Amino acid sequence: EYLLCHDDRCDDRCVAFVYYLTESTAEAGGHFRMFDHDAESGQPTMVSQSVPPMENSFICFEVGNFTYHEVGEVLKDNFERLSINGWFHSDKNLNTEGLNYTDPMPQLYKQLPWEGPFMMDDFINRTYCMPSNVILAQEQFEKDSFILLSDFFLSDFFKACADCLKNSNLSWYNVGPANRRKYDSAKLESLPDVFKKLINFLKSPMFVSYLKDITGLDLEVFSNKEGTSCTEMTLQVQKWSNGSYTMATDNDAFFHVNGLDMMVYFKSDDFCRGENNYGGCTTYLASSVSDNESSSSLEDTELLTVEPHDNALILIYRTSDTVRFSKYVNHFNSGSFYSVCATYFEP
């Protein structure tokens with residue numbers, strides 16, 4: 001029971017209104033919030049106003065190119081947020097000049113050659129190193145474009161990585177803008193040594209070679225030869241708490257190219273599944289609709305939903321006509337879970 005950040009732009013709408021039939025408190029939630037926006041990109045920044053529902057009150061605002069707003073989650077089971085809302089229309093359409101914003105690509109990382117002796121089974125379950133199992137995994141991935149390998153990392157190594165994510169010395173920053181995503185990401189330099197070891201492993205040519213074998217994709221392993229290209233990747237360490245989400249948006253540079261998405265979750269086993277559905281699952285959609293097109297033309301087809309699982313290597317091949325979103329983490333989640341989310345690109 002919430003409405004994420006959006007701008008109401010649609011054809012001939014000129015004024016939006018809400019008339020409240022019930023009253024809320026700070027504890028009950030359901031507040032109406034307006035956002036400021038960045039002058040250069042036009043994207044929402046910070047919440048500038050927050051108004052709780054008040055019985056027999058009326059809110060209206062001009063629908064413009066930057067009137068970003070949201071409705072906060074209702075936090076009390078016994079509170080019904082009842083309202084009448086709508087729009088006044090005119091024969092003057094909004095001027096959308098300069099609104100063709102495309103979210104830039106996240107930072108790309110190069111493969112990081114490993115220093116010193118290296119064995120795959122120093123990190124991962126030996127079962128997944130066996131050639132026969134690699135072949136079976138590749139056959140499944142080529143059929144489904146998806147695979148989940150449970151108990152992937154050595155249990156002691158995985159537990160050490162998971163435990164250090166609650167280290168108070170970690171530095172987190174918020175990732176936005178709010179009309180696209182909201183979650184926290186760790187500054188990689190602040191990670192403890194054991195987690196840096198995991199990150200370096202995921203960036204290593206040996207792991208890229210393993211992904212190439214297990215997926216059959218045309219990933220290029222790092223080489224010292226001049227003039228050779230190699231697979232690069234995006235990579236974030238993410239924290240998911242109440243209020244975290246991502247949206248499916250077509251006008252992101254990230255979604256314009258094919259990529260192999262990789263996810264590893266930590267501290268997630270108490271969340272996201274079964275009757276206690278706290279959110280956080282990731283859904284893939286086939287769509288060719290941009291943010292500036294009418295929602296009435298949206299014809300998304302759900303392809304796959306991935307629920308977080310601790311100590312599983314999750315791989316999904318995402319084509320350029322596919323987008324994804326992560327479901328809003330609701331207030332029933334009293335803690336946080338974490339993920340390493342990376343995408344490997346074919347040259």
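Predicted model: local features only at pLDDT ≥ 70, side-chain atom pairs only at ≥ 80, totals over all residues.
Visitor: Which domains does the domain assignment give for the protein chain?
Guide: The bounds come from an automatic or database domain assignment. That assignment gives domain 1 (3–89) and domain 2 (108–344).

Visitor: How many residues of each domain are in contact, and what distance separates the centres?
Guide: Contact means heavy atoms within 4.5 Å. By that criterion, eleven residues of domain 1 touch twelve residues of domain 2. The domain centres, taken over C-alpha atoms, are separated by 33 Å.

Visitor: Which strands are at the edges of the open sheet of four strands?
Guide: Strands (E, at least two residues) and helices (H or I, at least four) are DSSP runs numbered from the N terminus, and two strands pair if DSSP finds at least two bridges between them. The order here is β1-β6-β3-β4, with antiparallel pairing. Pairing on one side only marks the edge strands, β1 (3–6) and β4 (44–51).

Visitor: Which residue in β5 stands opposite Ala-16?
Guide: Five bridges join strand β2 (residues 13–20) to β5, and the two run antiparallel. The residue in β5 opposite Ala-16 is Phe-61.

Visitor: Which residue in β10 is the bridge partner of Val-175?
Guide: Strands β9 (residues 172–175) and β10 (residues 181–186) run antiparallel and are joined by four bridges. A hairpin of five residues leads from β9 to β10. The partner of Val-175 in β10 is Tyr-183.

Visitor: Which residue in β12 is the bridge partner of Lys-182?
Guide: Strand β10 is also joined antiparallel to β11 (residues 232–240) by two bridges, with Asp-184 opposite Lys-239 in β11. Two bridges join β10 to β12 (residues 245–246), again antiparallel. In β12, Lys-182 has as its partner Tyr-245.

Visitor: Which residues of helix α2 are buried?
Guide: Buried means under 20% relative accessible area (1.4 Å probe, protein chains only). Among the elements covering the buried residues of α2 are α3 (193–203) and β13 (259–266). In α2 (residues 155–164), the buried residues are Phe-157, Phe-158, Cys-161, Ala-162 and Cys-164.

Visitor: How are α1 and α4 oriented to each other?
Guide: Axes are lines fitted to C-alpha atoms over the stretch in contact, and angles run from 0 to 180 degrees between N-to-C directions. Helix α1 (residues 131–144) packs on α4 (residues 205–215) at about 65°, with the axes 6 Å apart. Since 65 to 115 degrees counts as roughly perpendicular, α1 and α4 are therefore roughly perpendicular.

Notes
Residues numbered from 1 in each chain as written. Heavy atoms only, no water. Buried < 20%, exposed > 50% of the residue type's maximum accessible area, 1.4 Å probe, protein only. Parallel < 35°, antiparallel > 145°, perpendicular 65-115°, else oblique.
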